[in-house]
Amino acid sequence: MAAAQGHFSDHSDGIRGTGDKAESTAGTPVPAAFRRAVDALRTARLRSEMEIEPTRPPQRLAPYAYAVEAAVVDGEEDLADGRLVLLHDPAGHDAWKGTFRLVTLVRAELEPEMAADPLLPEVCWSWLTGALEARGLAYGEASGTVTMAGSHYFGGLAARRPATQIEIRASWTPLEGAGGVPDTAAHLAAWSDLLCQIAGLPPAPAEPPGGTGPAGGTGAAGTVSGAGVVSLPQRRGPQGA
């Protein structure tokens with residue numbers, strides 16, 4: 001897909017620029033750890049069924065934030081969609097127990113047989129934690145909700161079959177690595193695994209020995225590379241938030 005614009009933001013008017021030229025609207029430099037974490041997100045390589053692009057992040061959740069939105073697409077049909085937000089507070093956050101936090105919303109419509117499973121909420125939560133653990137990612141303070149909502153149609157819509165939507169809202173603190181920066185590319189790849197799983201896609205081909213992800217050879221840490229994957233598009237250039 002084509003390159004898309006993205007936005008940095010602080011809790012008021014945002015951050016301008018990209019790369020080494022990024023700076024806050026107050027004229028202070030964007031923290032290097034946050035800049036590196038965002039740059040790593042842009043290197044993640046994901047399954048070709050994913051369409052992903054940066055989007056405007058929420059305000060006031062943290063001093064710095066960056067967000068992407070994605071959909072799992074089959075032809076003209078969106079099988080699942082979601083948003084992933086990277087938050088950063090250089091001073092740390094007591095509830096996070098760290099300086100970074102990942103927040104997500106994932107949604108999909110379920111097949112009737114799947115929706116009837118009383119254990120579905122627990123299963124969906126295990127998909128999130130399992131996606132992180134399958135990529136060897138350490139994390140803490142995970143929390144969230146799994147919500148199911150049913151729709152029945154009447155009158156002029158009576159021909160539609162009943163539908164059930166599942167929604168996962170979650171957040172977790174990624175383990176910070178060298179220089180206080182978490183492996184955000186790997187966390188994005190794990191999140192995309194969750195999105196593909198809730199969309200009902202079969203698992204990606206098993207990775208070869210020495211690979212870093214399904215159907216791929218060695219690429220950026222925790223990412224997938226090789227055939228059948230696409231990269232998160234780069235920004236066109238400096239943009240005002």
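Contact here means heavy atoms within 4.5 Å, and buried means under 20% relative accessible area, with exposed over 50% and partly exposed in between (1.4 Å probe, protein chains only). Keep both in mind for the tour. What you have open is a predicted model, where local features need pLDDT of at least 70, side-chain atom pairs count only at pLDDT 80 or more, and totals for chains, interfaces and linings use all residues. Residues are numbered from 1 along each chain as its sequence is written, and side-chain values use heavy atoms, with hydrogens and water left out.

**The whole chain**

Start with a cartoon view. You'll find 4 helices and 10 strands; helices (H or I, at least four residues) and strands (E, at least two) are DSSP runs, numbered from the N terminus. In order from the N terminus, the elements go β-β-α-β-β-β-β-β-α-α-β-β-α-β. Of the 241 residues, 44% are buried. Among contacts with a separation of 6 or more, 65% are between residues 24 or more positions apart.

**Stop one: helix α1**

Select residues 32-41, which are helix α1. Its buried residues are Ala33, Phe34, Arg35, Ala37, Val38 and Leu41. Colour those, then show what they pack against: β5, β6 (77-93), β7 (98-110) and α4.

**Stop two: the aromatic pair**

(Rings of Phe, Tyr and Trp, the last by its six-membered ring, pair if their centres lie within 6.5 Å; planes under 30 degrees apart count as stacked, over 60 as edge-to-face and the rest as tilted.) The pair links distant parts of the chain, with Phe34 in α1 and Tyr64 in strand β5 (residues 64-74), 30 residues apart. Phe34 counts as buried because its relative accessibility is 0%. Tyr64, at 12%, counts as buried too.

**Stop three: α1 against α4**

The axes of α1 and α4 come within 7 Å and cross at roughly 45 degrees, which means α1 is oblique to α4. Axes are lines fitted to C-alpha atoms, for helices over the stretch in contact, and angles run from 0 to 180 degrees between N-to-C directions. Angles under 35 degrees count as roughly parallel, over 145 as roughly antiparallel, 65 to 115 as roughly perpendicular and the rest as oblique. For the side chains, pick Ala37, Ala40 and Leu41 in α1, which meet Thr184, Ala185 and Leu188 in α4. By class, that contact has 5 nonpolar, 1 polar and no charged residues. (Ala, Val, Leu, Ile, Met, Phe, Trp, Tyr, Cys and Pro count as nonpolar, Asp, Glu, Lys and Arg as charged, and the others, Gly among them, as polar.)

**Stop four: α3 against α4**

Keep α4 and bring in helix α3 (residues 120-134); these axes come within 8 Å and cross at roughly 145 degrees. Cys124, Trp127, Leu128, Ala131 and Leu132 in α3 meet His187, Ala190, Asp193, Leu194, Gln197 and Ile198 in α4. That contact divides into 8 nonpolar, 2 polar and 1 charged.

**Last stop: two positive phi values**

Jump to Lys97, in the loop between β6 and β7. Lys97 isn't a glycine, yet its phi is positive, about 60 degrees. With a relative accessible area of 62%, Lys97 is exposed. Finish on Glu141 in strand β8 (residues 139-151). Glu141 also has a positive phi, near 50 degrees, and is partly exposed at 37% relative accessible area.
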